[in-house]
Amino acid sequence: MHSELRADSLTVGYGGTPILDDLSLTVTPGRITSIIGPNGCGKSTLLHTLSRLLKPAGGSVLLDGRDISSVPTKELARTLGLLPQSPTAPEGITVAELVGRGRSPHQNFLGQWSQADYDIVAQSLAATGLTELTERSVDELSGGQRQRVWIAMALAQRTDVLLLDEPTTYLDVKHQLDVLDLLVDLNEERGTTIVMVLHDLNLAARYSDELIAVSRGKVLAHGTPADVVTEDTVRAVFGIDSTIVRDPVSSAPAVMPRGRHRVSTPSTTH
Ligand SMILES: Nc1ncnc2c1ncn2[C@@H]1O[C@H](COP(=O)(O)OP(=O)(O)OP(=O)(O)O)[C@@H](O)[C@H]1O
Ligand SMILES: [Mg+2]
C-alpha cells in the first residue's frame, strides 16, 4: 500500500508576495521524484508545506485524499518524513540518540523501546556507514558525516513517504552515490515513495523516475527525466544554454551547461 501525496492549488508565502502560486502536483506513489529549480524558487517551501511545517495561505495538501491539516501528528510522522535542508541537532546529542529519535512516532507515550526499534536503528546506522560513530556527539562530526546521521534518522522513521531536501549536500562523490543508491534500495525493497530536492541535474535525471521543475512558484514541467531534461526546459528554469547528452553510465539525459567561458563547440540550437 502506497500513500498518495497531492498538492492542490497551493499558495504559500512568508507575508509578502506568494512564493508558491496556485501550485498543484501529484507525487506518483511508490516512485522516486526529484524537484529541481533555481535557488530561491520555493523548493524548500514546497517540501515544508507538503510535510505540514508550513501552512498554506490557499489550497491544501492531501495525503491519501485527506487534508493533512486534519491528520493527527503522530500518524503523520509515521507516514511522512522530512529531512530538512539545514537540520539542527540538540546540543551534545549522540549519533545513536539522534537516529533513535526517528523511532519516536512508533512508540507509546512513555517512549518504550521494542526490539524492533533497536533493530531498525542498528540497520539504519549500518546502511549509512555510521556503525563506528554511534557514540560520537553529532556536533563533533564533519558536515558529510552529520548529513548521513540525518539520513539514518529519516530511514529509522520508516515512513511510507520520505521527503529529502538536498540530501547529498556536503557529501563527496562516493557518499552521494551511497545515499542515492540507498534511497533506491529503500524504494525497491519497501516501496517507499521518495521526493527529494537535488541540485545536481545529472544525478537527479539518473536516479529519479520523475522530475518536477519548479519556476516562479509554479510547476513548469513534470514527467520522466527524458520529458523534463531538454534544452528548452533547462533554459526556461535556470536561464542557461546547455547541450543535452546521454549519460554513458545510465543512459539518462545529462545536461552539459554552457557558460561564457570554456565552450569549444557550437550550440546545437540557435
Ligand atoms: N522563513 C522565511 N521568511 C521569509 N522568507 C523566506 C523564508 N524562507 C524562505 N523565504 C524566501 O522564500 C523564497 C523561497 O525560498 P526556498 O527556501 O523555498 O527556496 P529554495 O528553492 O529551496 O532555494 P535553495 O535552492 O537556495 O535552497 C526565497 O525568496 C526566500 O528568501
Ligand atoms: Mg532549499
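Author: Beyond its neighbours within four places in sequence, arginine 235 is in contact with Ile240 and Asp241. This is a predicted model. Arginine 235 lies in helix 9, residues 231-238. Its C-beta has 13 C-beta neighbours inside 10 Å, so arginine 235 counts as partly exposed. A residue needs 20 or more such neighbours to count as buried. Serine 250 is 15 residues from arginine 235 in sequence. In space the two are 23 Å apart, C-alpha to C-alpha.

Now to strand 3, residues 32-36. Five of its five residues are buried, so strand 3 is largely enclosed by the rest of the structure. Both of its faces are covered. On one side sit Ile32, Ser34 and Ile36, all buried. On the other sit Thr33 and Ile35, buried as well.

What joins strand 3 to strand 8? Four bridges do, and the two strands run parallel. Strand 8 covers residues 193-197. Threonine 33 stands opposite valine 195 there. Strand 9, residues 210-215, is also joined to strand 3 by four bridges. That pair runs parallel too. In strand 9, isoleucine 212 is the bridge partner of isoleucine 35.

Six strands form it, in the order 6-7-8-3-9-10. The sheet is open, and its pairing is mixed. Strand 6 (80-83) and strand 10 (218-223) stand at the edges. Each has a single partner strand, so one side of each is left without a neighbour in the sheet. On average, neighbouring strands are turned by 15 degrees against each other, direction ignored.

Valine 195 comes up again on the way to strand 7. Strand 7, residues 161-165, pairs with strand 8 over five bridges, in the parallel sense. Leucine 163 stands opposite valine 195 in strand 8.

Helix 5, residues 143-157, lies across strand 6 and strand 7. Helix 5 runs at about 180 degrees to strand 6. Helix 4, residues 115-127, packs with helix 5 at an angle of about 140 degrees. Their axes are 9 Å apart. The crossing of helix 4 with helix 5 is right-handed. From helix 4, the contact takes in Ile120, Val121, Ser124, Leu125 and Ala127. From helix 5, Ala152, Leu155 and Ala156 meet them. The contact residues divide into seven nonpolar, one polar and no charged.

Then helix 1, residues 43-50. Helix 1 is mostly covered, with six of its eight residues buried. Those six are Lys43, Thr45, Leu46, Leu47, Thr49 and Leu50. Just after helix 1, arginine 52 takes a positive phi of about 75 degrees.

Last, the ligand. Which residues are around ligand 1? They are Tyr14, Ile19, Gly37, Asn39, Gly40, Cys41, Gly42, Lys43, Ser44, Thr45 and Gln85. Lys43 and Thr45 are also among the buried residues of helix 1. By type, the shell around ligand 1 divides into three nonpolar, seven polar and one charged.

Conventions:
Residues numbered from 1 in each chain as written. Chains lettered and ligands numbered in written order. Predicted model: local features only at pLDDT ≥ 70, side-chain atom pairs only at ≥ 80, totals over all residues. Buried ≥ 20, exposed ≤ 12 C-beta atoms within 10 Å, placed from the backbone. Pairing = 2+ DSSP bridges. Axes fitted to C-alpha atoms, helices over the stretch in contact; angles between N-to-C directions. Contact = placed C-beta atoms within 7 Å. Near = placed C-beta within 6 Å. Nonpolar A, V, L, I, M, F, W, Y, C, P; charged D, E, K, R; others polar. Left-handed = near helix turned anticlockwise from the far one by under 90°.
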